[in-house]
Amino acid sequence: MNIDLHIHTNASDGTLSPTQVVEEARDAGLAVIALADHDTTDGVAEAVESGRRHDVEVVPGVEISAEDPRGEVHILGYWMDYASPAFQSFLLRPRSVRPARIAEMCAKLTALGLPVTPEEVQAVAGDASSVGRPHLARVMLQKGYVENMEDAFRLYLREGCPAYVKRFKNPAGESIDRIHACGGISVIAHPGLIQDPALVDTLIRQGVMGIEAYCHTHDAATADRFAALARRHGLLVTGGSDYHGEMLQKTFKLGDLKVPYACYEALAAAKKRVDARPSRP
């Protein structure tokens with residue numbers, strides 16, 4: 001049985017609705033998936049309900065865009081009490097500044113002779129509560145400013161490019177703590193993308209519970225290296241495609257990545273251990 005513990009929907013910057021993601025996962029033969037939208041859990045309830053109808057196990061999750069003095073890192077959270085007002089307030093902090101960031105990036109593009117308005121970006125984003133660069137890139141593609149989404153990032157939207165604007169991200173250590181405080185499991189997302197390897201060690205010291213070894217940005221040797229690192233520290237080994245929809249990721253389809261079912265079993269066992277701990281006074 002194949003699984004995928006890192007999938008995005010149009011609640012953030014994916015192209016498919018939560019229901020469409022579940023249907024695509026069913027068609028791909030996935031037994032278990034996890035929604036991990038950027039800094040929002042808005043699509044989780046719909047996905048869980050759809051999963052019940054289509055016999056796909058849906059793990060509630062989130063991907064927190066975080067930062068550390070050493071650099072940016074993404075922290076996955078699984079099975080946390082996502083309805084907690086404190087947790088939702090924490091997720092709102094980075095989302096609340098996204099519109100201003102998009103407006104500034106639109107202004108930079110317009111100054112470069114590529115006019116884009118925030119309203120056009122919001123129209124593409126629809127009801128997504130986490131508006132980001134992929135939505136802006138889609139507008140640029142629609143207007144013929146770039147030939148593909150990759151060019152939008154490579155030429156304009158990536159860090160160091162002329163339309164890039166830095167955004168606020170929650171602290172990495174606090175992100176891990178917030179997930180744990182809500183009864184969740186914390187995992188380092190796609191660690192091979194972290195520029196400073198010492199940051200992975202820092203996150204382990206801060207109490208992260210797992211490492212995403214299997215993902216499309218890792219070759220087999222990289223996956224084996226991070227799986228070995230996780231086991232050496234007694235951490236969970238997980239995996240997920242980071243799928244955003246075929247429009248954004250034409251090189252692979254949902255279900256292409258093979259993640260051992262044992263990763264889900266270990267994750268579920270860890271959640272049971274967390275739930276069995278005495279409540280904090």
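My entries follow, going from ground rules to sheets, helices and the pocket.

**Ground rules.** I am working with a predicted model, where local features need pLDDT of at least 70 and side-chain atom pairs count only at pLDDT 80 or more, while totals for chains, interfaces and linings use all residues. I number residues from 1 along each chain as its sequence is written, and side-chain values use heavy atoms, with hydrogens and water left out. My helices (H or I, at least four residues) and strands (E, at least two) are DSSP runs numbered from the N terminus.

**Three-stranded sheet.** I looked up the strand order and found an open, parallel sheet of three strands, E1-E2-E3. Strands count as paired if DSSP finds at least two bridges between them. E1 (2-7) and E3 (57-59) are the edge strands, each pairing on one side only. On average, neighbouring strands here are turned by 20° against each other, direction ignored. I then checked E1 against E2 (residues 30-35): they run parallel and are joined by four bridges. Ile7 has Leu35 in E2 as its bridge partner.

**Helices on that sheet.** Which helices lie across E1, E2 and E3? I found H1 (residues 18-27), running at about 155° to E2, and H11 (residues 261-276), running at about 65° to E1. Angles run from 0 to 180 degrees between N-to-C directions, with axes fitted to C-alpha atoms, for helices over the stretch in contact; contact means heavy atoms within 4.5 Å.

**Six-stranded sheet.** The other entry is an open sheet with mixed pairing, in the order E6-E4-E5-E7-E8-E9. Its edge strands are E6 (170-171) and E9 (236-239). E8 (residues 210-214) runs parallel to E9, with four bridges between them; Tyr214 is partnered with Gly239 of E9. H3 (residues 85-96) lies across E4 and E6, at about 55° to E4.

**H4 and H6.** I looked up this helix pair next. Their axes come within 11 Å and cross at roughly 30°. On the H4 side I listed Arg101, Ile102, Met105, Cys106 and Leu109, which meet Arg133, Leu136 and Met140 in H6. This contact has six nonpolar, no polar and two charged residues. By class, Ala, Val, Leu, Ile, Met, Phe, Trp, Tyr, Cys and Pro are nonpolar, Asp, Glu, Lys and Arg are charged, and the others, Gly among them, are polar.

**Largest pocket.** On a 1 Å grid over the protein atoms alone, a pocket is an open set of points where a 1.4 Å probe fits, with protein on both sides within 12 Å along at least five of seven lines; lining residues have an atom within 4 Å of a point. The largest one holds about 1600 Å³, a volume being the space filled by probe spheres set on the points, which are joined across faces, edges and corners. I counted 46 lining residues, with Glu72, His74, Arg133, Phe153 and Leu193 nearest the centre. The lining divides into twelve nonpolar, 16 polar and 18 charged residues.
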